[in-house]
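Let's take a walk through a protein fold together.

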Amino acid sequence: MSVEHRLIYVIDEIVAKPGKGKIFCDAYMARYVPGAQERGMTLVHQLVEPAMWLPEGTNRLFFIWAQSDLGAVWGAKQRARLDPDVEHWWQEEAPAFIETRQRYTLAEAAALTEFDNV
C-alpha cells in the first residue's frame, strides 16, 4: 500500500458568521495552525465556498489536514487535549467568528482493511 493510501485526513468544516469568513480564516491560520503543525499535522488545503469572501454573507471553510498514520492522529489528539491554547482557541476565541463547526477524520477506503488490524 502506498504512503498516500495510509494518510489520515482531518477536515475542519466551519460555517463562518455572516461577514466573518476572512477574519476567521486569518485568525485560524495565525492562532490554530502553528500549534497543530507542532503536533505533527500538515495543512494540505484551505478551501472556501463560495470562492469569494462574502462581506455580508456566510462562507463555508474547509481546512484539510493530513497525518502520516493512525498513531500520528492519536498522538496529535492527545497533545491537543493537554494544550490549554487549543481549548482557549475553540472555546473562547473561535466562537466569535463561527456559526457551526464539524470535524471529520477520514481515510482512503482501500486502507481500512489494514487499519482494522491495528
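Is Gln67 buried or exposed? Gln67 turns out to be buried, with a relative accessible area of 3%; here buried means under 20% relative accessible area, exposed means over 50%, and partly exposed is in between (1.4 Å probe, protein chains only).

Before going on, a word about what you're looking at. This is a predicted model, where local features need pLDDT of at least 70, side-chain atom pairs count only at pLDDT 80 or more, and totals for chains, interfaces and linings use all residues. Residues are numbered from 1 along each chain as its sequence is written, and side-chain values use heavy atoms, with hydrogens and water left out.

Back to Gln67, which sits in strand β3 (helices, H or I with at least four residues, and strands, E with at least two, are DSSP runs numbered from the N terminus). Its side chain reaches the backbone oxygen of Ala72 at 3.0 Å. Leaving aside neighbours within four places in sequence, Gln67 is in contact (heavy atoms within 4.5 Å) with residues including Leu7, Val10, Met41 and Val73.

Now look at the rest of β3. Six of its eight residues are buried. Eight bridges join β3 to β1, and these two run antiparallel; strands count as paired if DSSP finds at least two bridges between them. Val15 stands opposite Arg60 of β3. Strand β2 (residues 42–49) also pairs with β3 in the antiparallel sense, over seven bridges, and there Leu43 has Trp65 as its bridge partner.

Next comes helix α3. Its twelve residues, 70–81, reach 17 Å from the first C-alpha to the last, close to the expected 16 Å (1.5 Å times one less than the number of residues). Val73, Ala76 and Ala80 are the buried residues of α3. Seen down the axis, they fall within an arc of 70 degrees, so they line one face of the helix; the arc is that of the directions from the helix axis to the C-beta atoms. The face turned away from this buried side carries the exposed residues Gly71, Trp74 and Arg81. What covers the buried residues of α3 includes β1 (8–16), β3 (60–67), α4 (84–93) and β4 (98–107).

Finally, find the largest nonpolar core, which has 23 residues; such a core is a set of buried Ala, Val, Leu, Ile, Met, Phe, Trp, Tyr and Cys residues joined through side-chain atoms within 4.5 Å. Among those touching the most other members are Tyr32 and Trp65. α2 gives the most to this core, with seven residues.

Key
A polar contact is a pair of N or O atoms within 3.5 Å; within protein, one must be able to donate a hydrogen and the other to accept it, and residues adjacent in sequence count only if both atoms are side-chain atoms.
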